[in-house]
Amino acid sequence: MYKMVRGEMPIFLKDNWRRWTKQYLNSNSIFQWYQFENRPVNQHLREPLLKMTDKHCSFCDGYPMGRMTRNTIEHFRPKAKSKYPKLAYCWTNLFIACDVCQEKNSNFDKLLLKPDALDYEFLKYFIFDSFSGEIKPNPRASKNNQDRAEKTIEIYKLNDNNLPEFRLEELNNNEDDFLSGNKDLTTLSYRFMYI
Ligand SMILES: [Zn+2]
């Protein structure tokens, strides 16, 4: 999980999110995105959310988004009526995610780390093991921060689905960037490996 800075809430959301939230809370149906200018709201959200991550997945940092996945919108706190329905259209609850990270679904834990939190830094919680390709809790972090890292790895399955192998492959392909501390990581997958 690579740090991101959240941009301003888009105007169309600012103008409508309260109305859409009320509509959802008052409806009997399960969540579905409402329409804005003849397109579902999630389609309008993709661009501003992708901009925040330089087109990487917010959680696994896979890049480029869109080629292998449908780059879906992930609700950090689940939007189901039994969970956090009031946050269904809340800007700070929305992230761009690849299909695999999206599988987290309604899994949520208060320990889960948020990549746009002001005090979030990869190394504050995690280390990258360049031998195994795995992300691990930083052994120098506080107990609580290590627990949060552990939970985040577990819920977003950050060491499953062959991700460690993909990372090592990436590292191999970009060995020069890794050794020289390439300043422009924009187009590299798993940017946390280079910091
Ligand atoms: Zn992902």
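Predicted model: local features only at pLDDT ≥ 70, side-chain atom pairs only at ≥ 80, totals over all residues.

Biologist: Which residues of H6 are buried, then? And why are they said to line one face of the helix?

Modeller: Leu-163, Arg-167 and Glu-170 are the buried ones in H6, which spans residues 163–173. Looking down the helix axis, the buried residues sit within an arc of 60 degrees, so they line one face.

Biologist: What makes Cys-60 a contact of Leu-163?

Modeller: Two residues are in contact if their C-beta atoms lie within 7 Å. Beyond its neighbours within four places in sequence, Cys-60 has such contacts with Leu-163, Cys-98, Val-100, Cys-101, Tyr-156 and Leu-158. Cys-60 is also among the residues with the most contacts inside the largest nonpolar core, which has 34 residues. Among the elements giving two or more residues to this core are helix H2 (41–52) and helix H5 (143–155), while the largest share, four residues, comes from strand S4.

Biologist: How do you know that the overall size agrees with a compact globule?

Modeller: For 195 residues, a compact globule would have a radius of gyration near 16 Å; the protein chain has 17 Å, so the two agree. Residues 24 or more positions apart make up 62% of the contacts with a separation of 6 or more.

Definitions and conventions
Residues numbered from 1 in each chain as written. Buried ≥ 20, exposed ≤ 12 C-beta atoms within 10 Å, placed from the backbone. Arc of directions from axis to C-beta. Core = buried A, V, L, I, M, F, W, Y, C linked by C-beta atoms within 7 Å. Rg over C-alpha atoms; globule rule 2.2 N^0.38 Å.
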